[in-house]
Amino acid sequence: MTPPDRSALEPVVITGVGAVSPLGCAFDEIADNLLAGRSGVRAINPGPDAGEPVQFAAPVARIPSPLAGTCGLHPGEFERLGRLEQLCLSPLAAAVADAGLDCDRGPRIGLVLGLGAEHLTTWELDFLEGGERVLGDSRDRTLVHRLARRLGIGGPAVTVAAACASSGYAMAMGRTWIDSGWVDACVVGGCDILSPTAIAAFSHLRALSRRTDDPARASRPFDGDRDGFVMAEGGAFFVLERQTAARARAATIRGELAGVGMSSDGQHLAMPSPDPVHAARAISAALANAGVAPEEIDYVNAHAAGTPVGDIAEAGAIRQALGAATDGIPVSSTKSMSGHMISGAAAFEALACLAAIERQAAPPTINLDRPDVQCRLDHVPHVFRPRRIRVTASNSFGFGGSNLCLVLRAA
Amino acid sequence: MNLIASSPFPGSAGCSIRGHAVVASRLSSLAALRDAAVPPGCPALPPRFLRQSDEHTVVAVRAVLAAMAGLPEPMNFDRCGVIAAPCQAGRIAAARSLTQLQASGAGGVSPPIVPQCSLHSLGDAVSVALGMHGPHIGVGGGPDALAEGLFAAVSLVQGGTGSGCDLAWLVVTDWDTEPLLDAAGMPTNDPSCRALAMLLAPADPADDDRLSLSLHMPTAAVGAALPADPPAGGLAAFCRAVEMCATGSVLTSWAVSCPWGAEIRLVVREQVEGLMLHRIPAAVSRRREAA
């Protein structure tokens with residue numbers, strides 16, 4: 001896919017960040033934990049069936065209440081919201097506050113929420129509490145519109161889903177709205193939640209690690225002993241705006257969303273294509289869209305969830321897209337620490353790239369004891385690697401063959 | 001509400017509709033669509049591809065195939081994108097899965113529930129079924145799916161600075177009335193599931209496409225309260241409007257309102273003595289006429 005030339009377009013920059021994750025909810029805390037190689041994975045109660053083989057995940061320990069005044073809710077009211085809405089609203093409000101953005105219900109601020117299975121989750125959580133919404137004839141308005149109204153966002157508000165790449169597609173769409181002049185700023189990102197159905201379904205698909213005796217070492221992307229991914233909840237949101245607008249209001253610019261590349265395998269509903277050509281095309285398209293050559297990439301945050309097939313396919317795609325430059329570019333998977341946040345993963349890993357730029361260090365892949373020879377890359381095992389980092393690439397690949405690459409650049 | 005077109009050239013601000021088709025099926029008749037032959041000239045589906053698919057996915061794939069079959073000449077869809085906007089897809093399968101979860105624990109959860117019943121599932125299926133390699137996404141998911149799908153499609157096709165997507169299928173699906181389910185998750189009524197598939201391309205005044213979509217953004221702030229839910233049957237009415245505009249049997253136009261005040265209008269272009277006329281609604285209220 002030939003990406004359009006962005007040379008005539010103004011850079012779109014990130015001026016606000018908000019997150020909820022197993023590694024913390026503040027940018028500095030998350031950056032500290034990523035560079036320290038801490039795992040957010042622990043034993044959990046997976047739901048009604050005690051016999052479920054997967055009894056660990058990476059949950060969010062505590063969802064911070066949004067600051068008073070950012071969403072019109074008192075802490076008590078926030079506590080009464082459903083967990084999915086809490087998980088989205090808290091980082092959304094934090095991103096808006098971090099950017100110092102005055103939404104004020106104007107039509108020039110948009111919201112794109114990456115969320116793959118909102119209705120399934122909503123029906124499930126209601127059903128498990130004794131409700132019957134899944135059986136009735138209700139037509140429930142989607143969460144994105146409630147979130148927009150709570151934050152005073154009066155412009156376009158849309159939910160997008162591309163499985164594990166959902167929040168990255170949300171970032172791409174928000175940038176498109178800004179480029180098109182439809183909005184002046186856009187809040188973008190995504191979040192996901194742990195649910196019994198999701199854990200059971202992924203487990204039955206044999207997609208999850210079953211290393212129950214040692215949860216913190218279960219997520220081991222690129223390792224020869226990997227046996228699947230570890231589910232997590234959380235995600236991240238960003239405020240995007242034009243660089244001149246951000247500078248005009250003296251906003252802190254955390255980085256530039258410089259490039260986006262997207263493609264589809266068009267091959268299987270649940271398995272990545274073993275042929276890396278389509279994923280590689282998304283990476284190449286993102287680099288071209290950002291106007292950077294492979295050797296200018298300083299760090300790659302891999303999608304690498306720890307599945308036997310997926311990690312090999314991604315290593316091949318990276319090598320095909322970056323060519324001879326591959327061996328000099330550090331590649332790591334922060335899912336080794338955070339677990340896999342599904343809809344929220346792409347945005348959280350974009351945040352990890354911002355952390356790498358700010359700290360001038362590539363985060364590690366923990367548990368990478370014995371790199372798989374079929375995943376030959378310049379890995380960052382166990383401990384972070386100090387390095388000059390100005391340009392990063394972050395891959396996200398999802399069920400149904402969705403491929404996405406984001407290029408983030410230092411301001 | 002004050003509105004402004006997203007380009008100074010009315011009718012080109014948005015995208016052209018290169019082809020379209022509507023497929024609807026009663027729930028009781030849907031099984032026949034799962035294994036039906038593909039229309040002549042269309043690519044074959046992978047074996048048993050729709051056997052476990054959600055009802056929305058079945059009619060969506062069939063609508064895309066029908067639209068393909070209706071194109072005046074074969075096209076290359078290798079880099080084509082897919083925007084799929086279902087309304088509450090997956091509810092029947094979700095109800096069955098949840099009743100099994102309650103009855104027999106996690107072991108009763110069906111593995112395909114996630115890949116087959118998520119917001120992205122419908123777009124996944126169209127992309128995989130037809131082997132297309134452009135980006136594909138699910139959009140909306142609720143009663144505003146038609147408006148959100150149209151808006152996202154225009155984003156991707158017209159404003160796609162990162163997508164590189166110059167051709168995309170927009171597929172919108174909905175029930176005419178929601179299925180009513182008993183305690184075991186079995187339907188007790190027989191609603192109709194409908195899909196509209198439209199092949200979209202960037203607007204180009206040189207094209208002779210009869211139909212296009214035109215985006216109009218609001219200039220005034222919206223209120224704090226959400227507007228009333230869009231009425232059920234909105235997709236059926238929009239499908240009728242598309243077909244009426246396409247055939248020219250009645251000169252009509254239609255606008256879909258987004259919850260944030262934007263409108264996406266169907267625009268009919270007509271060639272009159274060498275001049276291309278863009279007929280757009282004189283008043284937004286006309287959007288109810290075709291209903």
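Tutor: P179(B) lies in the loop that connects strands β5 (168–175) and β6 (192–202) of chain B. Helices (H or I, at least four residues) and strands (E, at least two) are DSSP runs, numbered from the N terminus. The model is predicted, so local features need pLDDT of at least 70 and side-chain atom pairs pLDDT 80 or more, while totals for chains, interfaces and linings use all residues. Residues are numbered from 1 along each chain as its sequence is written, and chains are lettered from A and ligands numbered from 1 in the order written.

Is P179(B) buried or exposed? P179(B) is buried, because 22 other C-beta atoms lie within 10 Å (buried means 20 or more such atoms within 10 Å, exposed 12 or fewer, partly exposed in between, with C-beta atoms placed from the backbone). Leaving aside residues up to four places away in sequence, P179(B) touches L27(B), R91(B), I92(B), P187(B), N189(B) and P191(B) (contact means C-beta atoms, placed from the backbone, within 7 Å). From P179(B) to R194(B) there are 15 residues in sequence and 13 Å in space, C-alpha to C-alpha.

Now the chain around this residue. Chain B has 7 helices and 10 strands. Of its 291 residues, 55% count as buried. Among the contacts in chain B with a separation of 6 or more, 77% come from residues 24 or more positions apart.

Chain B also meets chain A: 68 residues of chain B are in contact with 75 residues of chain A. On the chain B side, the elements that give two or more residues are α3 (91–104), α4 (113–117), α5 (121–129), β4 (136–139), α6 (145–158) and β7 (211–218). Of these, α3(B) gives the most, with 6 residues. That side of chain B divides into 35 nonpolar, 26 polar and 7 charged residues (Ala, Val, Leu, Ile, Met, Phe, Trp, Tyr, Cys and Pro are nonpolar, Asp, Glu, Lys and Arg charged, the others, Gly among them, polar). A strand of each chain takes part in a pairing: β5 (residues 157–161) of chain A and β4(B) run antiparallel over 2 bridges (strands pair if DSSP finds at least two bridges between them). Here V160(A) stands opposite V139(B).

Along its principal axes the C-alpha trace of chain A spans about 55 × 50 × 40 Å. Of the 411 residues of chain A, 66% count as buried.

Two strands of chain A show this burial. In β7(A) (residues 234–242), 8 of the 9 residues are buried, so the strand is largely enclosed by the rest of the structure. Strand β1(A) (residues 12–20) runs antiparallel to β7(A), joined by 8 bridges, with V13(A) opposite E241(A). Strand β6(A) (residues 185–192) is also antiparallel to β7(A), with 8 bridges, and C186(A) has L240(A) as its bridge partner.

In β14(A) (residues 391–398), 8 of the 8 residues are buried, so this strand too is largely enclosed. V391(A), A393(A), N395(A) and F397(A) point one way from β14(A), and T392(A), S394(A), S396(A) and G398(A) point the other way. Strand β9(A) (residues 299–301) is parallel to β14(A), joined by 3 bridges; the partner of N301(A) is S394(A). Strand β15(A) (residues 402–409) pairs with β14(A) in the antiparallel sense over 8 bridges, and A393(A) is the bridge partner of V407(A). β14(A) and β15(A) form a hairpin with 3 residues between them, where G400(A) in the turn has a positive phi of about 80°.

Definitions and conventions: Two residues are in contact if their C-beta atoms, placed from the backbone, lie within 7 Å.
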